[in-house]
Amino acid sequence: MKKIAILGASYLQMPLVQKAKENGHEVHCFAWDDGRAVCKEYADYFYDISVLEKDLILEKCKEIGIDGILTIATDICIPTIAYVAYELNLPGNSIECSLLTTNKSLMRKCFEEHNIRSPRSITISEINANDFKTFNYPLIIKPSDRSGSLGVIKATSFDEAKDAIENAINYSFSKTCVVEEYIKGKEVSVETISFGGEHRIITITDKVITTEPYFVELAHHQPTSFPKHIQNKILDITYAILNATKVENGAAHVELMITENGHVYPIEIGSRMGGDFIGSDLVQLSTGFDYVQAVLDIALDQFMFPLEITQKKYSGVYFLSENTKQLLPYFTENLLEDYIVKKEITNPSLQNAHSSNDRSGYLIYQSDKKIDLL
């Protein structure tokens, strides 16, 4: 029996906890018990320790004698995982990689150093109009170290930018934010797997996002509808980003923007699988590749690349909010029952989505073609 440390205990980690239990592993779950730690009831052992308390977690993991440590879909855990894995000589990514893939400021600097064409940007900790007076509006303002669209706002003037910067700094753990020029286009994410520095692209995900000024994801679809020549550009920049940010082991989720003229720009990378059910559900539904099993095997140093990953089906997820209230009949009636894999209304009160936290339910489908409901 292997002993697995899983950081985080929200619903996001549930597929990982369940997979580890199915494999017969002993699960040790670390998270602050804030009322949302649903994995507490499923793990063999639960520790009410913040995932930011890396030294406390390291000492407990030494005491347990863990065989692997990981998380899925959660950026905040990544630096602690890298630290513990390094100290205990376990499979994982380097501490440098953990910072390059969670701090948007370091990420932008890394892209620039490796000639990966990106929007012009600057990192600031306080408002000074002179810092970005040569930038072209509109601007995107985002906290340096948060995910889930928290604090991400588009600004078309200095007055709007001032308010957005104050908001983003307030959300940021490091009290800094990234200000960058806005790139208009369609967004995709790339789901990847790496082991021992070797990378494999699993699939490309198309995204549906709210209108400005907030950029909250309302739906995801696999596979992408972009033509092959654009997909080739997407793959090229993804490999460049994985190598630049020193990803060596585990899942990665690379977000990109595709402009009307076919240019591909990086938004960000996370050295973990995508959230929003992308990694935990959609990947296996569309490709047959057991992504959760793969990251678990990598953490235990027992992964083998499949001979090939072939596209088999279409899959997608829709999120319920005031923005998508036309989806309600698909939640409350027996519509598309042959294709809907699972659905849930998590909050009967619908609100406009300003971040991922404002969504009130989800619906996941699998089909022989894309199901377009928006």
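Which residue of E2 stands opposite Ile 4? In this predicted model, the residue that stands opposite Ile 4 is Val 27 in E2, and the two strands concerned, E1 (residues 3–7) and E2 (residues 26–31), run parallel and are joined by 5 bridges. The protein chain as a whole has 10 helices and 16 strands, and because its radius of gyration of 20 Å is close to the 21 Å that the globule rule gives for 374 residues, it is as compact as a globular protein of that length.

**Overall arrangement**

- The protein chain is divided into domain 1, covering 3–90, domain 2, covering 120–181, and domain 3, covering 186–367, and the centres of domain 1 and domain 2, taken over C-alpha atoms, are separated by 32 Å.
- Taken along the principal axes, the box that the C-alpha atoms of the protein chain fill is roughly 60 × 50 × 40 Å.
- Of the 374 residues in the protein chain, 55% count as buried.
- When contacts between residues at least 6 apart in sequence are considered, 64% of them join residues that are at least 24 apart.

**The antiparallel sheet of eight strands**

- A further open sheet, made of 8 strands with antiparallel pairing, has the order E13-E12-E9-E10-E11-E14-E16-E15; E13 and E15 (340–345) are its edge strands, each of them pairing on one side only.
- The twist here averages 20° from one strand to the next.
- Within this sheet, E9 (residues 186–195) and E10 (residues 198–209) pair in the antiparallel sense over 8 bridges, and the bridge partner of Phe 195 in E10 is Glu 198.
- Helix H7 lies across E9, E10, E12 (250–258) and E13, and runs at about 120° to E10.

**Cis peptide bonds**

- Tyr 137 and Pro 138 are joined by a cis peptide bond whose omega is about 5°, and Pro 138 is found in the loop between strand E5 (121–124) and strand E6 (139–143).
- A cis peptide bond also leads from Gln 222 to Pro 223, with omega near -5°, and Pro 223 lies in the loop between strand E11 (217–222) and helix H7 (228–244).

- Phe 277, although not a glycine, has a positive phi of about 70°; the residue is found in the loop between strand E13 (264–270) and helix H8 (278–287), and Phe 277 counts as buried because its relative accessible area, 12%, is under 20%.
- Asp 301, likewise a residue other than glycine, has a positive phi near 60° and lies in the loop between helix H9 (291–299) and strand E14 (314–320); Asp 301 counts as exposed because its relative accessibility of 54% is over 50%.

**Cysteines**

- A search of the whole structure finds 0 disulfides, and Cys 77 is accordingly in no disulfide, the nearest cysteine sulfur being that of Cys 29 at 9.2 Å.
- Cys 97 has its closest cysteine sulfur in Cys 110, 9.4 Å away, which is too far for a bond because a disulfide calls for a pair of sulfur atoms within 2.5 Å.
- Cys 77 counts as buried, at 1% relative accessibility, and Cys 97 also counts as buried, at 0% relative accessibility.

Methods
Residues are numbered from 1 along each chain as its sequence is written. This is a predicted model: local features need pLDDT of at least 70, side-chain atom pairs count only at pLDDT 80 or more; totals for chains, interfaces and linings use all residues. Side-chain values use heavy atoms; hydrogens and water are left out. Buried means under 20% relative accessible area, exposed over 50%, partly exposed in between (1.4 Å probe, protein chains only). Helices (H or I, at least four residues) and strands (E, at least two) are DSSP runs, numbered from the N terminus. Two strands pair if DSSP finds at least two bridges between them. Domain bounds come from an automatic or database domain assignment. Axes are lines fitted to C-alpha atoms, for helices over the stretch in contact, and angles run from 0 to 180 degrees between N-to-C directions. Contact means heavy atoms within 4.5 Å. The radius of gyration is taken over C-alpha atoms; the globule rule is 2.2 Å times the number of residues to the power 0.38.
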